[in-house]
Amino acid sequence: MIDSASLLAVLPELILTAGGLVLMLVAAFGGDGSARVVNWLSVITLAIAGVALSCSLAHGPDAFDGLYRADAFSVFAKALIYSAAAAAVLLAPRFFSTDGAPRPEYPILILFAAIGMGMMVSAGDMLTLYVGLEMNSLASYVLASFMRQDERSSEAGLKYFVLGSLASGILLYGISLLYGFTGSTGFDGIAVALGDGVSKGELFGLVFVLAGLAFKISAVPFHMWTPDVYEGAPTPVTTFFASAPKVAAMGLTVRVAIEALGPAGLDWQQIVIFVALASILFGAVAAIGQTNIKRLMAYSSINNVGFALIGLAAGTPAGVAGTMSYMAIYVLMTIGAFACILQMRDADGKPIETIASLAGLSQSRKGLAAALAIFMFSMAGIPPLFGFWAKFLVFDAAVAAGLTALAAFGIAASVIGAFYYLKIIKTMYFDEPTAAYEAKGGLVENIILTACAVVIVLGYLLNPLLDQASAAAAASLF
């Protein structure tokens, strides 16, 4: 049933939809010359949608007869998604202007992807889940191949489309199995059916659904698309892929596991533990030999997804809160790191992606080297940076849930992961200098990376606020 209360619950999505449609007309009539205006209006639209989240939360938890959830969990996830999407929009113009005039379609695609991601984290039904996921995916396929004249970008878009379609098929098959054996597509209805015991058909459906979601968060063994797409896609698009959709997919996975599959916790917990262990180990080991920094960041994202899944494996409110706090800190580190990567340009302003080109950066660009070192140390989990707190939260939740061996493995694997982060720092500070980068970075890039670096260093001052918000988000699922 559609009523005013339900429309108020989806106010953020309505704002993004209206903004996207209006800006599409502006881009159509204004051409490439409207890119700058469309960029800033897109950021403003995302900001207004973020403010509207308070109205969404005031409505109550359910809308459209349970198809849509407007609770503290969705508000927390959407705040991260909109912030990351806005950063990806702001970081783009300087990159695209290198190869010609910026194009206004880029921020519009981000807006439409944000609508899908919002639906994903607010889904209360498998149908809402699938519609939101596909809306995000369709925009993402176009974004990956956005630079049509670039062979790598076209290849990235094609690979993402083919593998993404396969994953969507697997997910849809799992949904159909769950519907067939439980008689419901609603999360609450599925949970009630699973509470009577998990049949073999329901177990198969559960496995297929988790496999489809594992692809979306790029967890092992469904990670195969990530390195190629991250490397081939334009760097601002990679920034977007590594942040906002990652939060949306992780939020969706958490909601499905806790709300829909909660009574089958012992069954999906084993799957999540395996995926977490495999992602941590593979992401750490595979990144060691990488020479392209975007490809290294792809394996880093796989590694970080594994750590975030440790919190979900615990299956407790503390574990879910730890996972969401981890994603918040991960987004900060990722956005900051990619703001640094976007400043890797030769003297002519052409982007460079090799790690070897960072040699001597501490002498030519001291501020950039210091910022990148902060993000690398934080991703490695070195105290007292904020990244250490993210890992501590999920390990603490795992130990409290009796998963001490899982936490111990995660801590040991962190040492392996630290190697390739420290390798970048060693290259910047101790290797013989190579050709210097462009003398000056972009203003927006500098502001964003400085802000992220300050929060990573002083993040412990925000702990009470972050802990309270993540705890409220987790509590709304239980």
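A cavity, on a 1 Å grid over the protein atoms alone, is a set of points where a 1.4 Å probe fits but cannot get out, whereas a pocket is an open set with protein on both sides within 12 Å along at least five of seven lines, and lining residues have an atom within 4 Å of a point. The model described here is predicted, so that local features need pLDDT of at least 70 and side-chain atom pairs count only at pLDDT 80 or more, while totals for chains, interfaces and linings use all residues. Residues are numbered from 1 along each chain as its sequence is written, and side-chain values use heavy atoms, with hydrogens and water left out.

**Cavities**
- A search of the whole structure finds three cavities of 30 Å³ or more, where a volume is the space filled by probe spheres set on grid points that are joined across faces, edges and corners.
- The largest cavity has a volume of about 110 Å³, and its lining includes Met 120, Asn 136, Tyr 160, Lys 216, Trp 225 and Lys 246.
- By class, the lining of the largest cavity has seven nonpolar, three polar and two charged residues, with Ala, Val, Leu, Ile, Met, Phe, Trp, Tyr, Cys and Pro counted as nonpolar, Asp, Glu, Lys and Arg as charged, and the others, Gly among them, as polar.
- The second largest cavity, of about 50 Å³, is lined by Phe 95, Thr 235, Lys 294, Ile 341, Leu 342, Met 344, Pro 351, Ile 352 and Glu 353, which divide into six nonpolar, one polar and two charged.

- The lining of the largest pocket divides into 20 nonpolar residues, one polar and no charged, and its largest share, six residues, comes from H5, a helix spanning 72-90 (helices are DSSP runs of H or I with at least four residues, numbered from the N terminus).
- The second largest pocket has a volume of about 300 Å³, and of its 15 lining residues the closest to its centre are Arg 36, Leu 90, Pro 93, Arg 94 and Val 444.
- Eight nonpolar, three polar and four charged residues make up the lining of the second largest pocket, to which H3 gives the largest share, four residues.

**Helix H3**
- Val 37 lies in helix H3 (residues 35-51), and this residue counts as partly exposed because its relative accessibility is 48%, the class between buried (under 20% relative accessible area) and exposed (over 50%), with a 1.4 Å probe and protein chains only.

Notes
Helix = DSSP H or I, 4+ residues; strand = E, 2+ residues; numbered from the N terminus.
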